[in-house]
Amino acid sequence: REAKFDEGDVVEVLYDEDPDEDPEWYEATVTRRTMYSDDIQYSVHYHLDDTTQTGVRENKLRPSAKAAKKKAAAARKKASSKAKSTKSKSAKSKSDMKSKSKGKKSDPKKKKADAKKKTKKETPKKAVVAEEEPEEADGDLDDDPPWRTDGHEHIGRRVRWTPPPDFDGGGGPVEGTVTGWISETDRDSEGNPGFVSERTGRPASLYHAEFDEFDQDFEEWELEDCFV
């Protein structure tokens, strides 16, 4: 028998332990999965009251509709961010552009709109986006969770990345610096994972790098190939 849920998955749990209350679904995160020969049980952490429950059977769990909606909004946000970062180069020379960028110290927390990237689909951060999509009023992901700017060995490391041929931010290798990251354990204000890997569909770390003319985000497996 194959389990339907993994540790770290955001789910809804049917709580029917109180005889005085009607059964109701509550959002929670799977913290442990136990496989038996004839059963599968889970331990969960409820977002509403910060409590845990063990021995939850699989038939009392279902995927979180709220988490799925948030991932869809994140995908749209990600596409919008890429459109902003791939604007055409100006007529100024590259040296002028570089000297101008050295005078600014960017704050990665202010660039959250360019960096919040959650999706289980094919990697859209390397795709060309023709038009910006309007951001949803009830889905602002800026600084939720905020970028960490220290506490990891990758912060401050130089990277060299070659954009794909159809990427407007450059046609050859460019160098930048890792300035922020989100831990796989980070949660947003609604208790959902800060980032869900596009490769595995599970919570993972995300890294933010700044280049001279654009910003780019990388999963760890992508970043490891870019270190100078």
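Set aside the neighbours within four places in sequence, and Glu 12 is still in contact with Trp 25, Tyr 26, Glu 27, Lys 60, Leu 61, Arg 62, Pro 63, Ser 64, Ala 65 and Lys 66. This is a predicted model.

Where does Glu 12 lie? Glu 12 lies in strand 1. Is Glu 12 buried or exposed? Its relative accessibility is 14%, so Glu 12 counts as buried, because buried means under 20%. One of its contacts is Ser 64. Glu 12 and Ser 64 are 52 residues apart in sequence. In space, their C-alpha atoms are 5.1 Å apart.

Glu 12 and Arg 62 form a salt bridge. The closest N and O atoms of this pair are 2.6 Å apart. The pair links distant parts of the chain. Glu 12 is in strand 1, while Arg 62 is in strand 5, which covers residues 61-63. The two residues are 50 residues apart. Their surroundings can be read from their accessible areas. Glu 12 counts as buried at 14% relative accessibility. Arg 62 has a relative accessible area of 34%, so Arg 62 is partly exposed.

Now step back to the whole chain. How many helices and strands are there in the chain? There are three helices and nine strands. From the N terminus on, the elements run β-β-β-β-β-α-α-β-β-β-β-α. The chain has 228 residues, and buried residues make up 41% of them. The accessible surface of the chain comes to about 13,300 Å². Carbon and sulfur atoms account for 45% of that surface.

Contacts give another view of the fold. The C-alpha atoms of Pro 146 and Gly 194 are separated by 8.9 Å. Along the chain, Pro 146 and Gly 194 are 48 residues apart. Pro 146 has its place in the loop between helix 2 (94-102) and strand 6 (158-161). Its relative accessibility is 42%, so Pro 146 counts as partly exposed.

Next, return to salt bridges. The structure holds seven salt bridges. Which residues does Glu 175 meet in salt bridges? One partner is Arg 158. The side chains of Glu 175 and Arg 158 meet at 3.6 Å, N to O. This pair links distant parts of the chain. Glu 175 is in strand 7, residues 174-182, and Arg 158 is in strand 6. They are 17 residues apart. At 32% relative accessibility, Glu 175 counts as partly exposed. Arg 158 counts as partly exposed too, at 40% relative accessibility.

Arg 160 is also a partner of Glu 175. Their side chains meet in a salt bridge of 2.6 Å, N to O. Glu 175 lies in strand 7 and Arg 160 in strand 6, so this pair ties together parts that are 15 residues apart in sequence. Arg 160 counts as partly exposed, at 41% relative accessibility. Salt bridges that share partners join Arg 158, Arg 160 and Glu 175 into one network.

Finally, look at two loops. Begin with the loop between strand 1 (10-15) and strand 2 (24-35), where Glu 21 is found. Is Glu 21 buried or exposed? Its relative accessibility is 52%, so Glu 21 counts as exposed, because exposed means over 50%. Glu 21 also belongs to a negative surface patch. The patch is formed by Asp 18, Asp 20, Glu 21, Asp 22 and Glu 24.

The other loop runs between strand 3 (40-46) and strand 4 (52-57), and Asp 50 has its place there. At 58% relative accessibility, Asp 50 counts as exposed. What is the phi of Asp 50? Phi of Asp 50 is near 60°. That is a positive value in a residue other than glycine.

Methods: Residues numbered from 1 in each chain as written. Predicted model: local features only at pLDDT ≥ 70, side-chain atom pairs only at ≥ 80, totals over all residues. Heavy atoms only, no water. Patch = residues over 30% accessible without salt bridge, like charges linked within 9 Å, V, L, I, M, F, W, Y side chains within 5 Å. Areas by Shrake-Rupley, 256 points an atom, 1.4 Å probe, with all protein chains shown as cover. Salt bridge = Lys/Arg side-chain N within 4 Å of Asp/Glu carboxyl O. Lys, Arg positive; Asp, Glu negative; His and termini not counted. Charge placed at Lys NZ, Arg CZ, Asp CG, Glu CD. Helix = DSSP H or I, 4+ residues; strand = E, 2+ residues; numbered from the N terminus. Buried < 20%, exposed > 50% of the residue type's maximum accessible area, 1.4 Å probe, protein only. Contact = heavy atoms within 4.5 Å.
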